[in-house]
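Please read it alongside the sequence and the coordinates.

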Amino acid sequence: MSDFRADGRAAVDWVADYLERVRDLPVLARVEPGDIRSRLPAAPPGEPEPFAAVLRDLDEVLLPGITHWNHPRFFAYFAISGSEPGILAELLIAALNVNAMLWRTSPAATELEELVLDWVRQLIGLPGRFHGHIEDTASTSTFAALAAARERRPGGAVLCSEHAHSSVDKAARMLGMELRKIPADAKFRLRPEVLEREIDDATAVVATVGSTSTTSVDPVPAIAEACELAGAWLHVDAAYAGSAMVCDELRWAFEGVDRADSVVVNPHKWLFTPMDCSLLYTRRPEDLRAAFSLVPAYLRSDEAATNLMDYGPALGRRFRSLKLWAVLRCYGAEGLRALIREHVRLAQLFASWVEAEPGWEVVAPVPFSVVCFRRDGSDDENRVLLEQVNATGGAFLSPTELDGRLVLRLAVGNLRTTEADVTRAWELLREAARAPAP
Ligand code: PLP
C-alpha cells in the first residue's frame, strides 16, 4: 500500500482545488453515452496501483463525465451542496466504517443519531413527541412510513396530490397498495374537498410541503383534519422544504405538520449535507417497529437500548449522523438560516427579472427557492432554449410540465451560489431567446 498520509493530503488538496475551480467547469457533462467507459480498462488491474493513479484518472477520465452538482450554477432538479464539514465528515465515517444496526454495534452512532435528529426536530419546529431516524433517501423514508401505515390499517389505498413525487407511486407499488391521485388547485396544492370525498377507506394520505415541480405546499391542516376523522395515516413529504423550516418566516408552511403521523426531511437536499441523508420522523415509532423489526438469533442483544435496524428496511446502517452533526455544528442554526434566506432572496430576485421582461412569465408562486417560468412560445421553443443554455456549460436548468405545458425551472440550493451566478443564468437565457433557433 502506498503512503496513506501522503495520499490523504493529496486527496484533501484535490477536494480543496476542486471546490475552488468548480465554478469554471461546465456544469453539465459534455460526453456521449459510453464515452467514459470506453476510456477505462475493461478488466480489473492484476497488480496493485498507487492511489495517485486513481486521482490522475479522476481528473483525466472521469471529470469530463461529471455533472457538477456542487457547482454554484447548478440550477436543475433540486440544487444541493456538499459542504466542507460534510465532506470531511464523510472521510471520518469511512474511517470508522461503523454499521449502526444495533446499539451495541456502535453505541455512539445510535446515540448521536438520536441526538442529531432531536436537534433538527427542534430547529424545524416539530414537537418533542416525534421520534426520528435516518434513511438513505426520501424514497426509502416514504416507503417505510407507508409500510407502517399499512401495518396499522391494512387493505386501504394511498392518496396523494397529482403533484406528489413519484417516490410515493413507487412505494405504493412495492407495498402492493392502491394509489389514488387527488387533483390540485390553480396553485398546485391538493384540493382537500376532493380528498374528503375519497378518504373513507384510505390507509394513508401523503401531503407535500414543497412539491417537486413548483414547491407548492398542500393544505396540511385540512388534510390532517380529514385523516383524523377517517383514521388514515398522514405522511408529510417535506423532503425539500423541510430544511427551510429553520427560518421562522417560512414556518407557515409547516402549519398542521405537528398532527402528521410521519414526516420526511432530506438534509441532502437543502441542509448542506452530502448525499445521502434523509430524516424520517414519526409519532408512531411502535408502528415502524411492527413493520420492520425482525430479530434472528445472530442479531439478538439484551441491552435496554434502541436498535435502529428495527425502524426501516435496511439492516446495515451508515454513520450518517456524523456528517449531519458536523454540518449543524460548523454552520450553527444562524449560519443555516442565513444560507436558506439568501437562496430564497435569489429566487425572488430572479422571478422579479422574469416578470419584468416582456415575452417571459413566471407560472407558479415562489414560496421558497425555485422559480417556474417560460418564454412565450411553443413547448419545443422552450425546450430548445433550455438545451442551448445547458449546452453552454454556464448553467444547468431542468424542465417540468404544468397544466400540460413545458415549463423551465430554476432551483437555487447550492451554498456557493451568489447573485452573480443567478444573473449569469438569466443572461444566458435571454441570449438564447435572442439567438435564432438552430
Ligand atoms: N419528495 C420530493 C418532494 C422530492 O422532490 C424528491 C426528489 O427530488 C423526493 C421525495 C425523493 O427524494 P430521494 O432522492 O431522496 O429519494
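Is Cys277 buried or exposed? Cys277 is buried, with a relative accessible area of 0%, where buried means under 20% relative accessible area, exposed means over 50%, and partly exposed lies in between, using a 1.4 Å probe and protein chains only.

## Basis of the model

This is a predicted model, in which local features need pLDDT of at least 70 and side-chain atom pairs count only at pLDDT 80 or more, while totals for chains, interfaces and linings use all residues. Residues are numbered from 1 along each chain as its sequence is written, and side-chain values use heavy atoms, with hydrogens and water left out.

## Cysteines

Searching the whole structure gives zero disulfides, a disulfide being a pair of cysteine sulfur atoms within 2.5 Å. Cys160 is in no disulfide, and its nearest cysteine sulfur, that of Cys227, is 12 Å away. Cys160 also counts as buried, at 0% relative accessibility. For Cys277, the closest cysteine sulfur is that of Cys330, and because the separation is 15 Å, the two are too far apart for a bond.

Asp261 sits in the loop between strand E5 (233-237) and strand E6 (262-265); strands are DSSP runs of at least two residues, numbered from the N terminus. With a relative accessibility of 5%, Asp261 counts as buried.

The side chain of Asp261 makes a polar contact with the side chain of Arg284 at 2.6 Å, and one of its polar atoms lies 2.7 Å from the backbone nitrogen of Leu234. A polar contact is a pair of N or O atoms within 3.5 Å; within protein, one must be able to donate a hydrogen and the other to accept it, and residues adjacent in sequence count only if both atoms are side-chain atoms. Beyond its neighbours within four places in sequence, Asp261 is in contact (heavy atoms within 4.5 Å) with residues including Trp233, Tyr281 and Arg283.

## The ligand site

The ligand is surrounded by 13 residues, the closest being Ala138, Ser139, Thr212, Asp237 and Asn266, where a residue is near if one of its heavy atoms lies within 4 Å. A polar side-chain atom of Asp237 is 2.6 Å from a ligand nitrogen, whereas ligand oxygen atoms lie 2.9 Å from a side-chain N or O atom of Asn266 and 3.3 Å from one of Lys269. Taken alone, the ligand exposes 400 Å², of which the protein buries 86%; accessible areas come from the Shrake-Rupley method with a 1.4 Å probe.

## Domain layout

The chain is divided into domain 1 (4-68) and domain 2 (87-328), with bounds from an automatic or database domain assignment. Their centres, taken over C-alpha atoms, are separated by 35 Å.

Conventions: Helices (H or I, at least four residues) and strands (E, at least two) are DSSP runs, numbered from the N terminus.
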